[in-house]
Amino acid sequence: MAKRKIIISTRNVSKAFGKQQVLKSITLEIYKGEIFGFLGPSGAGKTTLVKQLVGLDLPTDGENHVFGKKMPSLPTMERIGYMAQSDALYEELSAKENMVFFASLYGLKGQHRETRIRKVMEIVNLTDHLNKLVSNYSGGMKRRLSLAIALLHEPKLLILDEPTVGIDPVLRKSIWNAFEELKKTDATLIVTTHVMDEAEKCDRLGMIRDGRLIAVGTPEELKHNTSSANIEEAFLIYGGAEA
């Protein structure tokens, strides 16, 4: 079997805010062309970790390497598509104006820019709302617009923090289908979630609890190793909640 290309390497990463230890010695590798999920409850440390991988935060100890470069690295950050947990949108502008603004940051121009805007708005099913003010968008529509912006520049690494919160089940399914299509282009996707059925859709999972990486593997491996019927049961066992 061919050796898989490592896109992300996290080495003994810890993070403390004052006396509060949020991440505790995390070591992990994420490979090219996989959907990797960070699964854990709110407050487990998922967002803190992905913000470091994007280059928006620094570890207290340890190092994060993305595309072989130590983070934060500005050229590397420009190669990443990032969707934060809270939507960073200009509400007084239309969706189209938001897209044009972010496209300019990515260096997209002319016909290519228009093509990409049209394509990503189709993926998130917002084509009919392109000229609507973002202030008139629902919470779920804002999440979808944020996802579209993260996809604009066709990044080879997508980091998505709770991307489907507030999105209805039918659209959630279509977004996961889009993730699968992106994977076929050798893009790597990292998704944080606390939703168990979404965790099942990932190629591999990193289970995080209280700032620790308590297990890593495919959903099938994690269930098999704990003799669990589902991921929720496996998570409880790895976390020590069940004997």
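So, strand 4, residues 61-66, and strand 5 pair in the antiparallel sense, over two bridges. When I say two strands pair, I mean DSSP finds at least two bridges between them. And helices and strands here are DSSP runs numbered from the N terminus: helices are H or I with at least four residues, strands are E with at least two. Within this pair, V66 has K69 of strand 5 as its bridge partner.

Before I go on, a word on what we're looking at. This is a predicted model, where local features need pLDDT of at least 70 and side-chain atom pairs count only at pLDDT 80 or more, while totals for chains, interfaces and linings use all residues. Residues are numbered from 1 along each chain as its sequence is written, and side-chain values use heavy atoms, with hydrogens and water left out.

Four strands make an open sheet, in the order 2-1-4-5, with antiparallel pairing. Which strands sit at the edges? Strand 2 (20-31) and strand 5 (69-70), each pairing on one side only. As a reminder, strands of a sheet pair through backbone hydrogen bonds, either parallel or antiparallel.

Helix 1, residues 46-54, packs on this sheet and touches strand 1 (6-17), strand 2 and strand 4. Contact means heavy atoms within 4.5 Å. The direction of helix 1 makes about 125° with that of strand 1. For angles like that, axes are lines fitted to C-alpha atoms, for helices over the stretch in contact, and the angles run from 0 to 180 degrees between N-to-C directions.

P72 is in the loop between strand 5 and helix 2 (74-77). Most residues other than glycine have a negative phi, and most peptide bonds are trans. On the phi side, look at E162: not a glycine, yet its phi is positive, about 50°. You'll find E162 in the loop between strand 7 (157-161) and helix 6 (169-184).

Now the helices. Helix 3 (residues 95-105) and helix 5 (residues 139-151) have axes that come within 10 Å and cross at roughly 30°. That makes helix 3 roughly parallel to helix 5; the cut-offs are under 35 degrees for roughly parallel, over 145 for roughly antiparallel, 65 to 115 for roughly perpendicular, and oblique for the rest. Who meets whom? A95, M99 and F102 in helix 3 meet L145, A148 and I149 in helix 5. The residues of that contact divide into six nonpolar, no polar and no charged. Nonpolar covers Ala, Val, Leu, Ile, Met, Phe, Trp, Tyr, Cys and Pro; charged is Asp, Glu, Lys and Arg; the others, Gly among them, are polar.

Helix 4, residues 110-123, also packs on helix 5, at an angle of about 140° with the axes 9 Å apart. That makes helix 4 oblique to helix 5. Here R116, V120, M121 and I123 of helix 4 contact L145, A148 and L151 of helix 5. The residues of this contact divide into six nonpolar, no polar and one charged.

Last stop, a hairpin. Strand 9 (residues 204-209) and strand 10 (residues 212-217) run antiparallel, joined by five bridges. M207 stands opposite A215 in strand 10. The hairpin has two residues between the strands, and D210 takes a positive phi near 50°.
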